[in-house]
Amino acid sequence: MVTHFRPFYAGWADESESHAGDANFSNTYLDASANNVTGEIDTLNRNWILFPGDSASQVTQISANMQFYFQSPVSGSLRIVATVICSSTVSNEPHIQGSLDDESGWSNASITQESTLTMGIPGGIDVNIARYPLASHSRGDDDGSWFYRIAELGEIRRYGYVPNITFTAGQWVLMQLTIFDEQHAWVNDMIFKGQIKNHWAIYALDITGV
Amino acid sequence: MNGRGIPRDLEYAAIQSRLDYMKSRDAKSEELINRLKQIQEGYTRELDDFLGAKSKEYKAFYEKRREAARRMQAQFKPTPEGGKSEIEFKKKRLAEANEFIKNLGINGNDLKSIRNKYQEQFRQVVGKATELTNSKKEGLW
C-alpha cells in the first residue's frame with residue numbers, strides 16, 4: 001500500500017446558477033474552495049427564491065475539487081481509499097437546511113437538495129466515477145423548515161473506490177475527489193430559502209493493488 | 001519534469017482534465033437551463049389559456065403582491081414585534097390571495113392541477129439530470 005499525504009496536486013472549484021420565471025433571485029450565493037496545501041475543501045450553496053410571482057424555478061450547483069497524482073504501486077486494478085475529516089467549527093457544521101413559506105391556498109413546490117462526494121479518474125465527468133451521497137432532501141407542497149447535519153465535528157470517514165480500468169506499475173495516475181452540492185427548486189406562490197454547506201479536510205489517500 | 005517529480009506533459013493533462021470537467025458540467029447545466037425555460041414557458045402559455053381574458057388581472061394582482069412584500073420586508077425586524085407583524089402580514093396575504101381567486105371566478109383546483117402538471121415535468125427533468133451512475137464497487141470502507 002502507498003499512502004499520500006498533503007500537499008496534494010491541485011485544488012479548484014466551480015459553480016453554476018440558473019433560474020427562470022418571476023421572482024427575486026439576488027440573495028442566492030455560491031462559494032467554494034479547495035486548498036491542495038491544507039487538503040481543505042469547502043462549499044456553500046445558497047438557493048433563495050424571494051418575492052415570487054406566480055411561478056419561479058432555480059437550480060444551483062457548486063463543486064470543490066482536489067486532484068491527486070500518484071504512481072501506481074502495482075500492475076492491475078487499484079483500490080483507492082480517501083480519508084476525510086469533518087473539519088468545521090461547531091457553529092459551522094456541514095448541513096442541509098431550508099424553508100418554504102406559503103403564499104396562497106393553491107401554492108405548491110418541488111425542492112431537491114443533494115450533497116455528494118465523488119471520486120474518479122478524469123476523462124470526462126461520467127467516466128469511471130463513483131458517487132457517495134452525503135445527504136439529500138426532497139420537499140413537496142407543505143410549508144415549514146428543516147435542518148439536517150451532514151457530519152459531526154471531527155468525524156472521520158473513509159471512501160473507497162476501485163476504478164474499472166487497469167494500470168501498469170509505475171504509471172502516473174490522475175485522480176479527482178469532488179464535493180458536489182446541488183439544489184433544484186420549483187415554486188408556485190412560495191418563498192424558498194435553501195442552503196447546503198460542507199467543510200472537510202482530506203487527510204490521506206491510500207492506494208493498494210486489488 | 002517539475003519539482004514534485006511529475007512529468008510536464010502530465011501537468012498539462014491535469015489542466016486539460018479540469019477544463020474538460022468544466023466544459024462537460026457547463027454543457028449539462030446549459031441543457032438543464034433550456035429545459036427549465038421551456039417548462040416555465042409551457043406553464044405560462046397554459047395558464048394564459050386557462051385564464052383567458054382574466055389573465056391580465058391575474059398578473060396585475062401578483063405584481064401588486066410582490067411590491068407589497070418588498071415594501072413590507074424592511075419592517076420585519078428580528079424582534080418579537082417584527083415576528084408578530086410578519087405573521088399578520090402573511091395571514092392577510094393568504095386571505096387576500098384566496099379571495100382574489102374566488103372572485104376571479106376560476107376553480108382553484110384547476111389552477112392547482114396545471115401547476116402540478118408542470119411541477120411534475122420539472123421533477124422529471126431534475127431526476128434525469130441527477131441520475132446516479134455507479135462504478136462496479138463502491139461504498140464506505
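Two strands are said to pair if DSSP finds at least two bridges between them, and the views below follow such pairings in a predicted model.

**View 1. Strand S7 of chain A beside strand S13 of chain A.** Strand S7 (residues 95-102) and S13(A) run antiparallel and are joined by 8 bridges. Within this region, Asp101(A) stands opposite Ile191(A), a residue of S13(A).

**View 2. Chain A as a whole.** The chain holds 13 strands and 0 helices, so that its pattern, read along the sequence, is β-β-β-β-β-β-β-β-β-β-β-β-β. The C-alpha trace spans about 65 × 35 × 25 Å along its principal axes, and 50% of the 210 residues count as buried. Among contacts with a separation of 6 or more, 81% come from residues 24 or more positions apart.

**View 3. Strand S1 of chain A against strand S13 of chain A.** Here strand S1 (residues 2-5) runs antiparallel to strand S13 (residues 190-209), and 4 bridges join the two. Opposite Val2(A), the residue to look for in S13(A) is Ile207(A).

**View 4. Strand S4 of chain A paired with strand S13 of chain A.** Strand S4 (residues 40-49) pairs with S13(A) in the antiparallel sense, over 10 bridges. One of the residues involved is Ile49(A), whose bridge partner in S13(A) is Phe192(A).

**View 5. Strand S6 of chain A joined to strand S13 of chain A.** An antiparallel arrangement also links S13(A) with strand S6 (residues 78-86), through 9 bridges. In this view Ala82(A) can be followed to its bridge partner in S13(A), which is Leu205(A).

Notes. Residues numbered from 1 in each chain as written. Chains lettered and ligands numbered in written order. Predicted model: local features only at pLDDT ≥ 70, side-chain atom pairs only at ≥ 80, totals over all residues. Buried ≥ 20, exposed ≤ 12 C-beta atoms within 10 Å, placed from the backbone. Contact = placed C-beta atoms within 7 Å.
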